[in-house]
Amino acid sequence: MKTTTLTSAIPRVTKPPKRNDDRVILHFDYDCFYASVFENENPALKSLPVGVKQKSILATCNYVARARGVKKLMLISEAQRVCPDLVILNGEDLTRFRDVSKRLWSTLRAHSWNRRVERLGLDEVFLDVTDVIAYNAEMLNVHALGSSFFHLDRRDPEKGFAFDGAQFFGCVYPAGSAAVLPEDPLSVRLMLASHLAGYLRHKLEDDFGYTSSGGVSTSKVLAKLAGSVNKPKNQTTLLSLQDSDVVQEFMDAHQIRQIPGIGSRITQLIQEHVLSAPTTPQIQPGDESPLTVAQVRQHPGMSPELLERILSRPGSERGSGDKIWAILHGVDRSEVKEASDVPTQISIEDTYMARPLGTVAEVSRELHTLAASLLRRMRVDLTDAGKPPRWLAYPKTLRLSTCTRPRPSSKPGTEHHPFGRSSRSAALPRFALALPDSPINDDIEAIAARLVAESLLPLFRRLHPETPRPPQGGLNLGLINICVTNMVMVASAGDGENEEGGGGGGGNGRDIGRMFRTQEDKLREFTVYDTSGPSAEDGHKNDTVAKDASEDRRRSSGYNDDTKPAAVLLDGEDDTWDDDETDEDSFRCPLCGHPIPYFAASAHERFHSMED
DNA sequence: GTGCAAGAG
DNA sequence: GGTTCTCTTGCAC
């Protein structure tokens, strides 16, 4: 039963595309994640009301605090008023949350057969488990559902867990219809998925101490909405059986603003139309519209075409009418994306609302701090764990964004002109990619200083061409964001520690090796340029290439260059350096990890810059 | 490729 | 005393 849609052949219809229940999607949402991270670091917090702040607001709080009237996104002052003994922890540095998030995500990913494991923010994950469920549906004995076994591995029939296939795990929607219908394949698949979701949630709790809420359905939107029905520490399976109105009733009961994909802007535009003339002239700010899916769907004349007209302005997405119309009917064909090893973008920002930045000197200082953080993050997120580390991917572009402070006095909510963020970007200079062999952060300050001087301040001048004369404050900057993006993949994970020398292994690293060989001639005709000499400004003696370390880094066995492309490349010169000493004559290329003599650095760099 | 808007948590 | 700190996607140019 596959419904392939040939768009050209299908006439425009007012009905949404029929829902397609081919897939099975799980959604996990870690309960009050930031607060849980602190609780796991310090279990004594679990019984106390805990709030996590960023600047002057509470980013989140635990359920003890919520029971006391504390809400997410409350002002600190307000939260302290309603709950004077609230324990407030600072969550402005996201490092610890990122680390935990990554570990939980890896665990979930390890149970995926198809790598479709998508992270949404730090605390949510989607899994497309269609294949796992199909396999288990085949293996299921419908005459002995009560003593079933869930297979987590096709090749190892021992791996898995026992479960009662006569029931769903956790809650179902609508509540009470908990009987599995063995003759309905979708019912069976959702039942199986509920047990898998339950198993994984308990694994996250047992192995790491993180509880979560789960949703089980046939699309991302439905799984996510289902998951929010019973929280925390619970899960909900949406029984979207073929000939039932469950999905539509489920959608109808939501306010449109709650639907993923319908944000504040779309809510506002739809509301302005629906509540326009006759009945209620009361137009609320987009975020708290009471408008429900049912109201919008049943509004006179409502159709994908009308939605398209309401929503389309310059800059808005094409086809959003169809998309919103489909979502209002519970139809969402968006795929769970494959896990990517590296982010497509890394950014660091800070806000200066209390005291906006007024002078270039202040800006310069902040840029340095931000740049140092960014460089650290690049090394954590974009390099492998090897000794020495190598870039898995590196960014080609550096971007600086700022916004001047909103305005001295305006009421919150009314004038919806939050910030004018503006940005400029430039190529990320190569020196930012230098990697030290050992103590990983020694050189960061120097690189940051150079990045500020050579890239960030020029970008800043482009952004703010005439430094305004201070009437009383000069620049008045309320936010600075710096970002690296435009990633180029260089090596696949696990490439450095070749686990298996032989047949299939390789991936990207091998392609690069091949390119090395084809570029051999060009590399031979190197010329000795300045190999990124130390820049003399502000007295920093910074060597941007990796220095030798006293470490025993080369003893890492299995890293034998003899058979590697590098040996071919270096053919004839390979006594310039030695296998166990990267001395003053050479350095390790931060991009590919190969030892490179200084006289070849320039050519080597050109080689890398020729990669697409 | 660059800059912005809008979506997400 | 007054919007946190990110990340992704898609449009206009």
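## Helix packing

Helix 4 and helix 6 cross in a right-handed sense (the near helix is turned clockwise from the far one by less than a right angle). Helices here are DSSP runs of H or I with at least four residues, and strands are E runs of at least two, numbered from the N terminus. This is a predicted model: local features need pLDDT of at least 70, side-chain atom pairs need 80 or more, and totals for chains, interfaces and linings use all residues. Residues are numbered from 1 along each chain as written, chains are lettered from A and ligands numbered from 1 in written order, and side-chain values use heavy atoms, without hydrogens and water.

The contact (heavy atoms within 4.5 Å) joins Arg-103, Leu-104, Thr-107 and Leu-108 of helix 4 to Leu-200, Lys-203, Leu-204 and Phe-208 of helix 6. Five of these residues are nonpolar, one is polar and two are charged.

## DNA strand C

Around DNA strand C lie 25 residues (a heavy atom within 4 Å). Gln-54, Thr-344, Ser-347, Met-353 and Arg-377 are the closest. Strand 12, residues 345–351, gives the largest share of this surface, with seven residues. Of the DNA atoms within 4 Å of the protein, 81% belong to sugar or phosphate.

## Phosphate contacts

Polar contacts pair N or O atoms within 3.5 Å. The Arg-377 side chain places an N or O atom 2.3 Å from a phosphate oxygen of DNA strand C. For the Thr-344 side chain, the distance is 2.5 Å. Glu-349 uses a polar backbone atom, 3.2 Å from a phosphate oxygen.

Note on methods
A polar contact is a pair of N or O atoms within 3.5 Å; within protein, one must be able to donate a hydrogen and the other to accept it, and residues adjacent in sequence count only if both atoms are side-chain atoms. Ala, Val, Leu, Ile, Met, Phe, Trp, Tyr, Cys and Pro count as nonpolar, Asp, Glu, Lys and Arg as charged, and the others, Gly among them, as polar.
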